[in-house]
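Reader: Please take me through the labels used for this model and say what each one rests on. I would like the cut-offs along with the values.

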Amino acid sequence: MPASTRPLLLALLGSPCQEGANSRLLSAFIQEAGDWEIVRRSLPELKILPCLGCQTCKQNQPCVQPDRMPKLFRLFERAQALVLAAPVYFYGFPAQTKAVIDRCLPLWYLESQRRAPVRLKRPGYFISTCASQRHGEFGVIVREAKAFFHTIGFQYTQSLLVPGLDGKPGAHRLNLALQHARTLGRQLNHLL
Ligand SMILES: Cc1cc2nc3c(=O)[nH]c(=O)nc-3n(C[C@H](O)[C@H](O)[C@H](O)COP(=O)(O)O)c2cc1C
């Protein structure tokens, strides 16, 4: 497909570890989504400032925090599909990624004031890992991810949740998960 006509897949890394498990899983996913135009961003590297709860955005005024969040909003708008990969930190997202999610409050107000979805739902994939072997460890982060996807106009289409990534057995689990990530990426490719 010519580059100019390719739809955009926005690939977000939510881990501060640039070479960690989530980074590798994200790479495996996008490797197989070859027919998409891919824009990859590391959320921690964007250094997005936290929401101050001032409610300025409720009045449709620009956010008081001076950073690159408007650029991220433009990418949310342009993307036809989304994949987010982030580890569990104390049941939730790493602080840098949670800051991005909180800063989506203007979009949440937009939707609630219009009383209609911001736009048609586009496919969204969620990848997450944790050290614990308990699958229940993902309960909170999955709820947060669903709320985030919904707020920025993506459907929570499918997830790849990988527990038990500590120690030697973790390496084996990560290899299996990399295969699953490639399968998910191929699945997205078939949507084209
Ligand atoms: C600050 C911090 C908090 C963490 N909290 C949890 C947790 O609550 N439950 C868990 O199972 N693992 C927890 N972990 C482990 C990470 O989720 C795990 O190592 C993950 O695979 C790291 O992914 P990454 O290599 O992509 O950064 C925590 C790690 C850190 C650094």
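Reader: Where is F90 placed, and what makes its phi worth a remark?

Author: F90 sits in the loop between β3 and α4, where helices (H or I, at least four residues) and strands (E, at least two) are DSSP runs, numbered from the N terminus. Its phi is positive, about 50°, although F90 is not a glycine. Most residues other than glycine have a negative phi. Y91 belongs to the loop between β3 and α4 as well, and its phi, near 75°, is likewise positive in a residue other than glycine.

Reader: What do the numbering and the word "predicted" imply for such values?

Author: Residues are numbered from 1 along each chain as its sequence is written. The model is predicted, so local features need pLDDT of at least 70 and side-chain atom pairs count only at pLDDT 80 or more, while totals for chains, interfaces and linings use all residues.

Reader: Why is F90 called exposed, and why is Y91 called partly exposed?

Author: The label comes from a count of other C-beta atoms within 10 Å of the residue's own, placed from the backbone: 20 or more is buried, 12 or fewer is exposed, and in between is partly exposed. F90 has 9 such neighbours and therefore counts as exposed. Y91 has 14, so it is partly exposed.

Reader: How do you know whether A79 is buried or exposed?

Author: A79, in the loop between α3 and β3, has 23 other C-beta atoms within 10 Å, so it is buried. It touches L8, L9, L10 and R122, not counting residues up to four places away in sequence; contact requires C-beta atoms, placed from the backbone, within 7 Å. A79 and L8 are 71 residues apart in sequence, yet their C-alpha atoms are 4.8 Å apart.

Reader: What makes helix α4 largely enclosed?

Author: Six of the eight residues of α4 (residues 95-102) are buried, and the helix is therefore largely enclosed by the rest of the structure. The buried ones are Q96, T97, K98, A99, V100 and I101. They pack against α2 (43-46), α3 (69-78), β3 and α6.

Reader: How do you know which strands pair, and in what order they stand?

Author: Two strands pair if DSSP finds at least two bridges between them. β1 (residues 8-13) and β3 (residues 81-87) have five bridges in the parallel sense, with L9 opposite A81. β1 and β2 run parallel and are joined by six bridges, L8 standing opposite E37. β4 and β5 pair in the parallel sense over eight bridges, where G124 is opposite Y156. The five strands make an open sheet in the order β2-β1-β3-β4-β5.

Reader: What makes β2 and β5 edge strands?

Author: β2 (37-42) and β5 (154-162) each have a single partner strand, so one side of each is left without a neighbour in the sheet. From one strand to the next the twist averages 15°, with axes fitted as lines to C-alpha atoms, for helices over the stretch in contact, and angles taken from 0 to 180 degrees between N-to-C directions. Helix α6 (residues 139-152) packs on the sheet and touches β3, β4 (122-129) and β5; its direction makes about 155° with that of β5.

Reader: Why is the crossover from β1 through α1 to β2 assigned a hand, and which hand is it?

Author: A crossover is right-handed if, with the strands pointing away from the viewer, the path from the first strand over the helix to the second runs clockwise. The crossover through α1 is right-handed.

Reader: How do you know which residues surround the ligand?

Author: The C-beta atom, placed from the backbone, must lie within 6 Å of the molecule. That gives 17 residues, the closest being G20, N22, P87, C130 and S132. Helix α1 (residues 21-31) gives the most, with three residues. The shell divides into 10 nonpolar, six polar and one charged; Ala, Val, Leu, Ile, Met, Phe, Trp, Tyr, Cys and Pro count as nonpolar, Asp, Glu, Lys and Arg as charged, and the others, Gly among them, as polar.

Conventions: Two residues are in contact if their C-beta atoms, placed from the backbone, lie within 7 Å.
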